Amino acid sequence: MESYPYIVKTIQDVFASCSNCYWLLTKQQLSKKNPSTVLDISGHGINGTLSHFNFSSFPNLTTLDMSHNKLSDIIPVEIGNLTDLEYLSLEVNYLDGNIPYQISHLQQLQHLNLGSNYLVGPNWSMFLDLPYLTSLDLGHNNLASEFSSFVVTLRNLTFLGMASRRLPRNISRLSKLKKLYLGENKFSGSIPDEIGLLQHLQVLELYDNLYEGSIPSSIGQLRELQTLDLSGDHLNSTIPPELGL
């Protein structure tokens, strides 16, 4: 992803004394230097909230990356005004509150990463389908609810990281998945056999859950699987011969 050092420098110079000025100056710099399609200020330790960010002033943004900073408070509902957005990453911050359903108004979105924050589960029934979304990471949050039925409607997903309490039996609907990261949840019971129906899966991480019983032989059907991590669970030591080990 292309970066813009002048934006970063300006933000670092101004932000400590005036958060309102921070967002205003970012807008001015973008309008002079760039047609306002990419805003990447990731990994610069920026403090503050998004409450003063005038999302409607950036109607042409396709990429917004504010990951790996120190942003706090809620994600404003106005983020839904960025209707051209294709890439949104707010991972590794201190954001809290509900995930606003207005994010689903971003109908061009292909990549959404809100992982490693303190977000809680929204009313998923209010979310619209995101037909182009291929990568979704909501892992390491406080989504203390069942695995969202909304997620399994995202049929084009190839990457999924999720914080939840139970892996749904209909996970096989996500037939295009290549990478599934569900470690450090509180999944219990047995690993569902249906996971073996994800024929294109290359990475499967279910580590540090509460699974018991045996490893399902259906995992041996995952012919493209390259990485399997079940460490930290309570599974017995029998490895199915179908895994070829």
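**View A. Ser104 touches Met126, Phe127, Leu128, Asp129 and Leu130, leaving aside residues up to four places away in sequence.** Contact here means heavy atoms within 4.5 Å. The model is a predicted one, in which local features need pLDDT of at least 70 and side-chain atom pairs count only at pLDDT 80 or more, while totals for chains, interfaces and linings use all residues. Residues are numbered from 1 along each chain as its sequence is written, and side-chain values use heavy atoms, with hydrogens and water left out. Ser104 sits in the loop that joins strand E6 (94-98) to strand E7 (111-113). Helices (H or I, at least four residues) and strands (E, at least two) are DSSP runs numbered from the N terminus. With a relative accessible area of 0%, Ser104 is buried; the term buried stands for under 20% relative accessible area, exposed for over 50% and partly exposed for values in between (1.4 Å probe, protein chains only). A polar atom of the Ser104 side chain lies 2.7 Å from the backbone oxygen of Tyr101.

**View B. The largest cavity has a volume of about 70 Å³.** A search of the whole structure finds one cavity of 30 Å³ or more. A cavity is a set of points, on a 1 Å grid over the protein atoms alone, where a 1.4 Å probe fits but cannot get out; lining residues have an atom within 4 Å of a point. Grid points are joined across faces, edges and corners, and the volume is the space filled by probe spheres set on the points. Ser104 belongs to the lining of the largest cavity, together with Ile99, Ile103, Leu112, Leu114, Trp124, Phe127, Leu130, Leu136, Leu138 and Phe150.

**View C. Trp124, Phe127 and Phe150 are linked into a cluster by ring pairs.** Six aromatic pairs are found in a search of the whole structure. One of them joins Trp124 to Phe127 as a tilted pair, 4.8 Å centre to centre and with 45 degrees between the planes. Rings of Phe, Tyr and Trp (its six-membered ring) pair if their centres lie within 6.5 Å; planes under 30 degrees apart count as stacked, over 60 as edge-to-face and the rest as tilted. Trp124 and Phe127 are both buried. Phe127 and Phe150 also form a tilted pair, with centres 5.2 Å apart and planes at 50 degrees. Phe127 lies in the loop between strand E8 (118-120) and strand E9 (135-137), and Phe150 in the loop between E9 and strand E10 (159-161), so the pair ties together parts that are 23 residues apart in sequence. The relative accessible area is 11% for Phe127, which is buried, and 9% for Phe150, likewise buried.

**View D. Pro131 touches Gln107 and Asn156, leaving aside residues up to four places away in sequence.** Pro131 is located in the loop between E8 and E9. Its relative accessible area of 31% makes Pro131 partly exposed. The C-alpha atoms of Pro131 and Thr153 are 9.2 Å apart in space, and the two residues are 22 residues apart in sequence.

**View E. His68 lies in the loop between strand E3 (63-65) and strand E4 (70-73).** The C-alpha atoms of His68 and Val92 are separated by 4.7 Å, although the residues are 24 residues apart along the chain. His68 touches Gly43, His44, Gly45, Glu91, Val92 and Asn93, not counting residues up to four places away in sequence. At a relative accessible area of 42%, His68 is partly exposed.

**View F. Glu184 and Asp208 have positive phi values.** Most residues other than glycine have a negative phi. Phi is near 60 degrees in Glu184, a residue of the loop between strand E11 (179-181) and strand E12 (188-189). In Asp208, phi is near 55 degrees; Asp208 occupies the loop between strand E13 (203-205) and strand E14 (210-213). Glu184 is partly exposed, at 44% relative accessible area, and Asp208 is partly exposed at 36%.

**View G. The protein as a whole contains two helices and 16 strands.** Of its 245 residues, 46% count as buried. Among contacts with a separation of 6 or more, 46% are between residues 24 or more positions apart.

Conventions. A polar contact is a pair of N or O atoms within 3.5 Å; within protein, one must be able to donate a hydrogen and the other to accept it, and residues adjacent in sequence count only if both atoms are side-chain atoms. On a 1 Å grid over the protein atoms alone, a cavity is a set of points where a 1.4 Å probe fits but cannot get out, and a pocket is an open set with protein on both sides within 12 Å along at least five of seven lines; lining residues have an atom within 4 Å of a point.
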